[in-house]
Amino acid sequence: ELRGDSFLGVPGLLQAVRAGNVAVANALGSGLIESPALLAFLPSLCRHLLGEELMVRSVPTWWCGDPASMEYVLANLARMVIKQTVTTAGASPIFVEALDTEGRRALVESIRARPIDYVGQHEMSLSTTPVLVGDRLKPRHILVRSFLAASGSSFTVMPGGLTRVAASDESPVVSMQKGSGSKDTWVLSSGPVSAFSLLSTTVVPVELSRDGGDLPSRAADDLFWLGRYAERAEGTVRLLRAIFVRLTERPGLIEVPDLPYLLRALSGQTKTHPGFIGPGAEERIAAPLDELYSVLYDDHRPGSLAETIDALHRIAGRVRDRISTDMWRVMMSIEPRPADLQDSRPRPGKRRDGPASVREPTPRRDLSEVLHVLDTKVLSLAAFGGMISESMTRGQGWRFLDIGRRLERSLHILGLLRSTLVKAGGTEGPLLEALLEIADSSMTYRRRYMSRLQIAPLLDLLLSDEDNPRSLAFQLVALSQSIANLPRPPGSAGPSAEQTLIADTLAKLRAAKVGGLVELTASGHRANLDRFLTSIDADLPLLSDSLTRTYLTHLQAARQQPSDAI
């Protein structure tokens, strides 16, 4: 919530803090008291608030926002370490002793220009400790951080602490952010040390359980979209691969009559603009490579493959603790752009209507190289899907992930068929072959029908065959089973709204007659198929919306999805 582009932190933490359900040790805003300027006021604050002197004095510190303190700092500059009042990432203290004359002059000018931004501290002489560098011992400056534990109305200093070691013998800066190391700090005792521990011993048997724990709605939402983005990426990759195979084998549109259909299907699937639909589409279809490379690699283009994989990585980072190490490795191996294109970003430029970003042209790549990249992505995405099926326990997290996959694959099938088969072309054999290839169902079709490519058996295989893992019917049956196992409020009677929606859609599919769907009108339009696919295509977003309202809304009071509520 504080930084939307980061994978760090705990999703939903601020909401839990607002609700008063957790106590945070490092409370929000505690970074404010890390300002070194406060050290200048601690002695007087202690006397004013507690009526006593500090028990442990800090490094002598002066805030330059006070005129007298600023003059003292400037008069004794050579002995000072200058720090920023408000610490920012990457900022380093300035050791004045190491500056040359010009550097000191520039520092004085900066302090006088904005004194409130600077703090001066006496430079302390740090101790050193031996550090093994290669095969030799060398001295390094050290700082020791000790820890206090609350004990009634007081505190107890814990024995030992964390010793931080400077990164080099030349550097006086001791900071983990600047490459420093650390050492354990040992305190010798005068007698035996108690071995008592509050930690559970390994010999105590744990209670057996098959409950995966509660699933917060935010995690369920992320898993749902992880499944959708993974399936969306796979569908786009398979369609792109079929297009590039045809461009490689037969470069002319006359030799590839199915290419315009596939290009229009790509625009429909990725929702990219201008794409191969609308004004200027014919010109882009005649010379499609620029547009195809953009759909492949332009991670700033909504709907592109690179943008989809970026979103997939972003979602995966939020559920890192809910997927296995191997699943994470497979996911991270799917690069949105080749390594040599990673630095291609918009460069500043101007248009006639004002400033804008001018994008560098997407580099051309050899078609065989693109095919290799797409083949690799298909294998990686298939591996990810296989690990979902074979490595995840069938808890609620898996169900939401699988629901996302099944929904997205259903939409992909519907969009692909609507874009290619509703309007009949000339010789449709090459197009049917391409559809079977994209749907990974070529071998099944050939085993059943040999090489007689016809629309009716293809539609039966891709729409109605509940044994084909790539068919629409298979997805709807899987959705029905997963939705039936989602948690329900206690005492609920009858099917849920989601169960009703998926049951109606599945019944509509089972009742459809393939023979009637392939009938052509006088204008060469399959009107029945168009109406049928449009009707199913309208049902699935309603199902997604209903699932979101019931399970994936985060603005309501915190709600958990119990794993055992099946």
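Axes are lines fitted to C-alpha atoms, for helices over the stretch in contact, and angles between their N-to-C directions run from 0 to 180 degrees. Helices (H or I, at least four residues) and strands (E, at least two) are DSSP runs, numbered from the N terminus.

The model is predicted: local features need pLDDT of at least 70 and side-chain atom pairs pLDDT 80 or more, while totals for chains, interfaces and linings use all residues. Residues are numbered from 1 along each chain as its sequence is written, and side-chain values use heavy atoms, without hydrogens and water.

**Helices H5 and H12**

The axes of H5 and H12 come within 7 Å and cross at roughly 35°. Contact means heavy atoms within 4.5 Å. Among the residues that meet are Leu223 and Arg228 in H5, and Phe400 and Glu408 in H12.

Four strands form an open sheet in the order E1-E4-E2-E3, with antiparallel pairing; two strands pair if DSSP finds at least two bridges between them. Because E1 and E3 stand at the edges with a single partner strand each, one side of each is left without a neighbour in the sheet. E2 is joined to E3 by two bridges, and isoleucine 82 has isoleucine 94 in E3 as its bridge partner. Helix H3 lies across E1, E2 and E4, at about 125° to E1.

| E1 | residues 61–63 |

**Helix H15**

Leu458 and Leu461 are among them.

Conventions:
Buried means under 20% relative accessible area, exposed over 50%, partly exposed in between (1.4 Å probe, protein chains only).
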